[in-house]
Structures are given as structure tokens and as C-alpha cells.
Amino acid sequence: MKREHIILAAVFVVLALVPFAAELTGQASWTRLVGQALIYGMAAASLNFILGYGGMVSFGHAAFFGIGGYVVGIMYHHFDAGTAFLGLIPGTDQMLITLPAAILIAGLAAALVGAMSLRTGGVQFIMITLAFAQMFFFLFISLKTYGGEDGIMVRRTNSLPGLNMRDKATLYWVVLGLAAAYYLFLRRLVQSSFGQIIAGIRQNERRMAAMGISTYRYKLYAFVLSGMGAGLAGALMVNFLRFASPDMMHWSRSGELMIMVILGGVGTLAGPFIGAGVLFTLETTLARYTEHWMLPVGIILLLVVMTSKGGLMALLRRLGGKG
Amino acid sequence: MTHVLEISGLLKTFGGLTATDHVSLTVDTGEIHALIGPNGAGKSTLINQICGEITPNAGQIHLAGRDITRLPPADRVALGLGRTFQITSLLDDMTVRENLGLAVQAREGGNFRIFDRAAKRAEIWDEVATILKDSALGDRADVTVADLAHGEKKQLELAMALSQRPRLLLLDEPMAGLGHVESQQMIEALLAARGECAMLLVEHDMEAVFALADRISVLVYGRIIAAGNADDIRANPTVREAYLGEEEA
């Protein structure tokens, strides 16, 4: 346990120093890249809670990521125009309102999707979650008020009292702080009584039912919690990129989140963050050299999955165990 | 005498096949009622209807006086129904201790808590320690279930079912696949548990059935063709023809 704490603290400090390192080396894009990787890491980690710990292979997780993002976008849109959402709810650019709202709305969407899709299992579950995500994708494309296919520009990042959020480094530290908080939340969650029930359901749902657990309710709760996490990540991403678009909830985004989880290590806490960091770095680096960057990424993914049996986390553990 | 379990006129058909043909039987407080019958007689179908995994076409199931015929499986457990599976069904990635802990936690409640630490819930782990102390699994407590021997898994399954403190325990072939020594251990464990709950025992091992059962019902082609104590069943010519005869031949 001690060792884990030291590693976590060290990683946090290194990540906190990124903006300084970027300034010193003149690589200003680092802050932006690491920030995005952290946000993808949160989205992947939220997926991993149901996929890795709960055994629910959701192929529509980007929907909640996108919905969280659109909450920020839409609220900013109304704030900027001085109008109200549905003529009732005024817009805002206050992060203390937009983030909780994004989490809440994404959770409601997850409750809706989960309530229907969790009545099935296996391949049907994968297909139904995918179908729901596509419905949300086309819904937002059809919303011409909010930019349709083009999405919404958020000209200024949401404000937080006492902080200059227009400063890239400040925004990065806010993202890092929330990513760390989310990591600690998940760490607690998987050790909680609820987390144990979820782990039990993954291993043997029939056994859990025989112990008096109404598995559907627990899976739905896990699905909602997971969707809320993705909503938070989406809201942060829109703040970070100052742009919300339907692409956030495209099915290929759901696939990417899955790849991050599998690459990093299914059912591990740090795995999705590592997977997100590696995949995002590979994508951005390789994209500079070739437009066919998917090919080398695919080969690397194949190699890691086939050799490591448990993703990069398993590799790290083996290295840590020997060293 | 009150019936812990009362089944009346239960009917289940799959297409043209009648798997449960107007079955009625009772299990009384403190009783071990054995259900025997050749393969394909419909024993598992009956068990699964009592558990709620299969819904009958007609008839009623009462548990401690309450009609549970249409209740979902988890609600039946809350009313005091416990079971073991024919093919052992455990949480394979967890240790013996963790399996028992989850079983006790499921009964204790607080299962929706997301900010506590399951590993620090003293009321659970104290009880698990007590269960393990009295059990043959005591020195295997921290072994992962996947690494247990078959007989140990069967014992663990029984311990988990008993930790639910059921009124009625459904035992689906607890002796299946056990060697002679393991069978004896299982019989002893069941005899020790008989004060805690009533049992409906589905079993092929006749030695175990005669050693344990207060009453025996014989199921053939979905129908109960005979019921009575061990001597009645041994002496019953229909049973000998339908079932026991095959084994003794």
C-alpha cells in the first residue's frame, strides 16, 4: 500500500509540473496534449468501471461524454446570446454550475439507456448501447440551433471564482485536480460495499441472484455512475478545447475509449489513464508522419494485447515485480 | 405442523414435453425432504421453479405461508430461500474468505454504499471468521476459489448458502462428483446444519439420501410416483422398477 501511495504522489507531482516543463522547453503544446490525455483517461476510467469491474461491455459510452460536453456548450450558447434553454433555464459560464449540470444530465441519459439495455446481456447489450449512442449522435446533428454537424464554439472557458481560467496552465491544473479526484473516487468505489457487489456480479451473476441481490438494480446504478463520470470528462473536454461537436459521441469515439481501457488494462485503476495517454500520444505523434496512422496503432495494440495478458498495467507490474 | 415449503399442483411444459406434471409436495420445519428420480425426471426444472429462474404454467409455491410463485429470484431469497447449484457456482476470482464475506454482506445489506470500505466492515468479517473456524475450510481461507478442489468448492457453496440463514435450503446434488471421503464430510456437514433450516435435497447418491432424509419423494417423468420414509421407498415396487432397480441391477 505504501508503495502505491508514493507512486501516485510522484505521478501527480510530475503531471503538475508539465506546464513549467512546457514553458522551459518551448513546447507549449505539451500542456494541451497532456490535459486532453487526462480527460480521455477519465472517460476511459469511467467506462472501465462498468466494463472492467462490472463486466458490462458498453459500446456507446461516448454518448455520455458528448452529452456532458453539450451541456457546457449549450449553457454557454444561451449565456452568450442572453437567451434561455427552452425559454426557461438561463445560460451560464460558471463552471461550478456547468460541471454538476453535465454530470447530472449525463447520469439521467445513462439511466435511460441503462434501464433498457441492461435487460439484455452479451452481444445484444453491446448492440443496444451502440444503437442508443447513434441515436444521440444523430439527435445532436439535427439540432440546428446548436450548430448541427458543426457543433458549438465556446469562445471562453467557463469561469471559476478566484481563478484566471483563460490561463492555459490554470485550466490544466483544474483538469489535473479533477482527474486526481476522480481517480481517488474510483479507487474508493471499487473497494466499497457496492464495488464488491459489482465485482461479484461480473464473476457470477446467477450466484449473486441466489444470494438475494437484484442484479439489475445494481448494474443500473453502476451504469449511471459510469455515465456521470463520462459526462464530467466531456464537460472538461469542451472547456479545454472550447468546442462541442457531435463527433464527441461518434461510435468510433466509443471504440477509442474501449481501446484505451483494453490497452491500459481492463479492471485496473490506473490502466485506463495509461491507455489513454499512450493511445493519444501515438495518435498525435504518428499523425504527423502519416495519415495512415491507424495501421501502426493497430499493430501496436495487437502486440500489447497478445503479449501482455492484461494490457500495459500487467507489463508494468511484471517490470515492477522484477525490478 | 407448519410447512416451510408447500408446492401444489405445479405444472410446467416445454412445447410438448411435460417437465413438471402436477407436482405437490411439502417440506416441514427442521425436515430434510429428499427428491430422487432418474436423469431427465424433471428434478432440476422443479428446483429452478422454486428458485424463480423458471416460471410454472400453473400451480402455486408457498414459502413459509407466502405465495412466491411469481416473485423474482432475489425476493425469494429475502424471504428465506437458499440454494446450492448442481454445478458449483462461486466467485472464482475471489478467495474463500471473500466469497463468504460477500455472501454475508449480501444478507447484511448496505450494498449500495459507495464510500465505505467493504474490507473494514467488522460485522461481516467477524461472522466470516466464526464460520471459517467451525469449517473444514478454515485453513484454506485465503486460497482463490479457482484453485480449490471440487469437494472444497461444494463445502464452500454450502457454507455460503447457510450464511444466508435460509428457512429452506435447496440442495441440487450436493454429492455430485464427490469421492467417498468427501461425501461423508458433506453428509456430516448437512447433518450438522439440519437444526438451522429445512432442506429439499435432490440427490442421486442413495446412501446419502437414506442417511439424511426424513421423507423421500420419487419423481419420474415429471410426476411424483411415490412418497414416504426410507423404508417405504425401499419397499415400494413401483420405485424399484422405475428407479432403484436400475441401480441395483
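**Close-up views of a predicted two-chain model**

**View 1. Two helices of chain A pack against each other.** In this predicted model, helix α5 (residues 95-117) of chain A packs with helix α6 (residues 122-142) of chain A at an angle of about 150°, and their axes lie 10 Å apart. The crossing that α5(A) and α6(A) make is right-handed. On the side of α5(A), the contact is made by A:Val113, A:Met116 and A:Ser117, while α6(A) brings A:Phe125, A:Ile128, A:Thr129 and A:Phe132 to it. Sorted by class, the residues of this contact between α5(A) and α6(A) comprise five nonpolar and two polar, with no charged residue among them.

**View 2. Chain A as a whole.** Chain A contains 14 helices and four strands. Its radius of gyration is 20 Å, which is close to the 20 Å that the globule rule gives for 323 residues, so chain A is as compact as a globular protein of that length. Along the principal axes, the C-alpha trace of chain A spans about 55 × 50 × 40 Å. Of the 323 residues in chain A, 50% count as buried. When contacts in chain A between residues at least 6 apart in sequence are considered, 75% of them join residues at least 24 apart.

**View 3. The place where chain A touches chain B.** Here 21 residues of chain A are in contact with 27 residues of chain B. On the chain A side, the helices α7 (168-191), α8 (193-203) and α9 (205-210) each supply at least two of the residues that touch chain B. The largest share of this side, seven residues, comes from α8(A). By class, the side of chain A that touches chain B holds eight nonpolar, ten polar and three charged residues.

**View 4. A hairpin in chain B and a further strand paired with it.** Strand β1 (residues 3-14) of chain B and strand β2 (residues 17-28) of chain B pair in the antiparallel sense over nine bridges. Two residues lie between β1(B) and β2(B) in the hairpin that they form, and B:Gly15, which is in the turn, has a positive phi of about 60°. Along this pairing, B:His3 stands opposite B:Asp28 in β2(B), and B:Leu11 has B:Asp21 of β2(B) as its bridge partner. β1(B) is also joined by five bridges to strand β4 (residues 58-63) of chain B, and these two strands run antiparallel. In that pairing, B:Ser8 stands opposite B:Gln60 in β4(B).

**View 5. The six-stranded sheet of chain B.** In chain B, six strands form an open sheet in the order β6-β7-β8-β3-β9-β10, with mixed pairing. The edge strands are β6 (81-84) and β10 (223-228) of chain B, each of which pairs on one side only. From one strand to the next, the twist averages 20°. Within the sheet, strand β3 (residues 32-36) of chain B and strand β8 (residues 198-202) of chain B run parallel and are joined by four bridges. B:Leu35 has B:Val202 in β8(B) as its bridge partner.

**View 6. Helices that lie on the sheet of chain B.** Helix α1 (residues 43-51) of chain B lies across β3, β6, β7 (168-172), β8 and β9 (215-220) of chain B, and runs at about 150° to β7(B). Helix α5 (residues 150-163) of chain B also packs on the sheet, where it touches β6 and β7 of chain B, and its direction makes about 175° with that of β6(B).

Technical notes
Residues are numbered from 1 along each chain as its sequence is written. Chains are lettered from A and ligands numbered from 1 in the order in which they are written. This is a predicted model: local features need pLDDT of at least 70, side-chain atom pairs count only at pLDDT 80 or more; totals for chains, interfaces and linings use all residues. Two strands pair if DSSP finds at least two bridges between them. The radius of gyration is taken over C-alpha atoms; the globule rule is 2.2 Å times the number of residues to the power 0.38. A residue is buried if 20 or more other C-beta atoms lie within 10 Å of its own, exposed if 12 or fewer, and partly exposed in between; C-beta atoms are placed from the backbone. Two residues are in contact if their C-beta atoms, placed from the backbone, lie within 7 Å. Axes are lines fitted to C-alpha atoms, for helices over the stretch in contact, and angles run from 0 to 180 degrees between N-to-C directions. A crossing is left-handed if the near helix is turned anticlockwise from the far one by less than a right angle, and right-handed if clockwise. Ala, Val, Leu, Ile, Met, Phe, Trp, Tyr, Cys and Pro count as nonpolar, Asp, Glu, Lys and Arg as charged, and the others, Gly among them, as polar.
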